[in-house]
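Reader: Please walk me through some helix packing and ring contacts.
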Amino acid sequence: MTIADELNAYSQLGRERDQLAQKIDDLRKKSVGVASGITGAVPSVGGEHRPTEDSVEGIDKLVRRYERLSKRLMSRMYRIEGALSVLNPLERMIFRYKYLDGLPMAEIAQLVGYSERQCWRIHKEGLRKMS
């Protein structure tokens with residue numbers, strides 16, 4: 001995967017990370033609700049199936065899986081952000097606006113006070129530095 005591909009994926013990685021965080025939060029709330037039902041349950045005898053405890057264990061397992069996925073996403077995002085460190089401040093600003101904030105180059109040009117064409121040239125030079 002090229003650096004341009006990684007940069008293009010950055011916004012999607014952030015959305016996926018946010019979705020996973022929401023799922024983890026929802027599952028933890030659900031786990032607390034299911035676990036609170038355990039206190040009034042009658043203990044099982046002779047190794048009978050215990051659906052409430054199994055549900056809590058299943059939820060906890062899913063939370064751990066989502067947390068691992070979230071860490072991998074964050075690792076990729078940090079790697080992408082680290083790649084930006086080789087850029088000068090103007091290049092970094094253009095890249096952040098384009099890839100991290102998802103702004104079109106015309107809007108970026110207005111924000112940084114350069115023509116759109118010059119912003120594309122700066123962008124091209126930044127890609128060269130990062131590859």
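Author: We take helix packing, then rings, then a loop residue.

Author: This is a predicted model, where local features need pLDDT of at least 70, side-chain atom pairs count only at pLDDT 80 or more, and totals for chains, interfaces and linings use all residues. Residues are numbered from 1 along each chain as its sequence is written, and side-chain values use heavy atoms, with hydrogens and water left out.

Reader: At what angle do helix H4 and helix H5 pack?

Author: First, the terms. Helices are DSSP runs (H or I, at least four residues), numbered from the N terminus. Axes are lines fitted to C-alpha atoms over the stretch in contact, and angles run from 0 to 180 degrees between N-to-C directions. Now the case. H4 (residues 105-112) and H5 (residues 116-130) pack at about 95°, with axes 8 Å apart. H4 and H5 are therefore roughly perpendicular (65 to 115 degrees).

Reader: Which residues make the contact of H4 and H5?

Author: Contact means heavy atoms within 4.5 Å. H4 brings Met 105, Ala 106, Ala 109 and Val 112, while H5 brings Glu 116, Cys 119, Trp 120 and His 123. By class, that is six nonpolar, one polar and one charged residues. Here Ala, Val, Leu, Ile, Met, Phe, Trp, Tyr, Cys and Pro count as nonpolar, Asp, Glu, Lys and Arg as charged, and the others, Gly among them, as polar.

Reader: How do the axes of H3 and H5 cross?

Author: The axes of H3 (residues 89-100) and H5 come within 9 Å and cross at roughly 100°. H3 and H5 are therefore roughly perpendicular too. On the H3 side, the residues include Leu 90, Ile 94 and Lys 98; those they meet in H5 include Trp 120, His 123 and Leu 127. The contact of H3 with H5 has nine nonpolar, two polar and four charged residues.

Reader: How many aromatic pairs does a search of the whole structure find?

Author: Rings of Phe, Tyr and Trp (its six-membered ring) pair if their centres lie within 6.5 Å; planes under 30 degrees apart count as stacked, over 60 as edge-to-face and the rest as tilted. The search finds one pair. The rings of Phe 95 and Tyr 99 have centres 5.6 Å apart and planes at 35°, so the pair is tilted.

Reader: Are Phe 95 and Tyr 99 buried or exposed?

Author: Buried means under 20% relative accessible area, exposed over 50%, partly exposed in between (1.4 Å probe, protein chains only). Phe 95 and Tyr 99 are both buried.

Reader: Where is Asp 101 placed?

Author: Asp 101 lies in the loop between H3 and H4. Asp 101 is partly exposed, with a relative accessible area of 49%.

Technical notes. Helix = DSSP H or I, 4+ residues; strand = E, 2+ residues; numbered from the N terminus. Parallel < 35°, antiparallel > 145°, perpendicular 65-115°, else oblique.
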